[in-house]
Amino acid sequence: MNNETSKNGLNRRDFLKAGGMGTLALTLGSTGVLALGSKAFADTTNNPTGGFGGYGPLVPDPNGILDLPEGFHYKIISKEGGLMSNGAIIPGAFDGMAAFEGPNNTTILVRNHELGTGPAFGSNPYNANAQGGTTALVVGANREVIKEYVTSSGTMRNCAGGATPWGTWLTCEENRSTGHGYVFEVDPQQPENDMSKTPIKEMGRFAHEACAIDPSTGYVYLTEDASPSYLYRFIPNNTSQKPGALQEGGTLYAAAIEAVTDPVASTFKTGQTFKIVWKQVDPHLCREEAAVQNCIKFSRLEGAFFQEGVFWFDDTSAGDKKLGRVYRYIPHTNTLELFYEGNDAREMEYPDNICMTPWGDLWYAEDGSGDDRLMGITPEGKIYPFAHNRQSGSELAGPTFSPDGNTLFVNIQSPGQTFAIWGPFQRRNSARSREMSYAAPANLAPQVSEKVAKAAEAQGMSVLEAAAFERHGIEL
């Protein structure tokens, strides 16, 4: 989760200047506006103020912190430098986060801290000279923090991770320093126990970003924040899905494409599907072995989320315009598909953490442009803004919904702030969540020749698969 600026093309601020727009708002097509300055304009065509497809234009925050749609409110519930329940200082660099159901109608948040070397902030650290780790917040029904405490410490550059179906948090180190580069399991209700400082070494030593678990199998899918990066799958020896079971080890694999040597994800087009081959790799040399075995090379993988039979993940600087991509992998059919590619900075610019809303939309937090937003994609392929971070130069991170779906929690990384956001959110909609799993990609794939189309039909494959083989020089 590197907070980097664009190395390819203009960022959003440069785009505005080049277009002579000054302080005028940047119109988001049919999805509302991103207010930049004292004026805001909106095209609300096909964009109701509530309901599927977005919540309307963003209202400039008079406090200059976080713009939200009309009817929504926020509260800052935790700040870097404040005090935890035991009087210790709240560490900074807020990042990935998950929400769990707690006792007495509470929500328990587990929050990463993307910190490097230095004195550990906990009392039972993995490494006393590493500043990263996780904290927890017990939040009441009134969105007030009841308790705030350390859950793990002594790790390094804890970017994202993933919630487990059994109520723990997998915190990931985006670092390969000596003794680091691992995943740790954190139980928010058993803070700083031995499990929290025991690396799950067989899940690989690499620059971890995020992970997500298929609840039907217990398999863990992991993204790597490096360039190039690889997509991994971990099959545990113990699939009982209980705290500590992952520490019993397992087998790590990296994704490759059948019949395609040296696959590079940058050649994929929206809507194309590929059959995946999972190649076993040494967890201590996983990156090196993935390269040797011609596994898929991505640009720089980030967020991960599993819902309704689909593993979603994003590639933050991929695509023709280097604005980012969203992929989905369907374990049931063993297929990988490019679902959406950013081709307009007004709709996508460096997607990072992702989550699924209770009503079925995919949300992604941007990182790197200096005007980062929380954006949504509907199953119909509509893009809309939900929040705009007005504190330029600091990313949004860790979007997660409370178990009842009534509150969104999200971080601004620096200075660290955790927000509770509420308002007229749509109700939980399982059917729509399932619809997102098989929704058609938003953009059309390139045309293929009549010859290739006929060959595809003769061999019982889709035109998209045939186009992929053609690009890789494989005769049909």
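The bond that joins serine 414 to proline 415 is a cis peptide bond, with omega about -10°.

Before going on, I noted that this is a predicted model, in which local features need pLDDT of at least 70 and side-chain atom pairs count only at pLDDT 80 or more, while totals for chains, interfaces and linings use all residues. Residues are numbered from 1 along each chain as its sequence is written, and side-chain values use heavy atoms, with hydrogens and water left out.

I then turned to proline 228, in the loop between strand 14 (220-224) and strand 15, where the peptide bond from serine 227 is cis, with omega near -5°. Pro228 is also among the residues that phenylalanine 298 touches, and the list includes Tyr230, Phe313 and Leu336; contact means heavy atoms within 4.5 Å, and residues up to four places away in sequence are not counted.

Which residues have the most contacts inside the largest nonpolar core? I found Phe268, Ile296, Phe298, Phe311 and Leu336, in a core of 26 residues. Such a core is a set of buried Ala, Val, Leu, Ile, Met, Phe, Trp, Tyr and Cys residues joined through side-chain atoms within 4.5 Å, and buried means under 20% relative accessible area, exposed over 50% and partly exposed in between, with a 1.4 Å probe and protein chains only. Apart from this core lies another, of 22 residues, among them Cys172 and Cys286.

Next I followed an open sheet of four strands, in the order 6-7-8-9 with antiparallel pairing; two strands pair if DSSP finds at least two bridges between them. Strand 6 (94-102) and strand 9 (145-155) stand at the edges, each with a single partner strand, so one side of each has no neighbour in the sheet. Strand 8 (residues 132-139) and strand 9 pair over eight bridges, and threonine 135 has valine 150 in strand 9 as its bridge partner.

Is alanine 93 buried or exposed? I noted that alanine 93 is buried, with a relative accessible area of 15%, and that its phi is near 55°, a positive value in a residue other than glycine. Asparagine 104 has phi near 55°, but this residue is exposed, with a relative accessible area of 75%.

Key:
Helix = DSSP H or I, 4+ residues; strand = E, 2+ residues; numbered from the N terminus.
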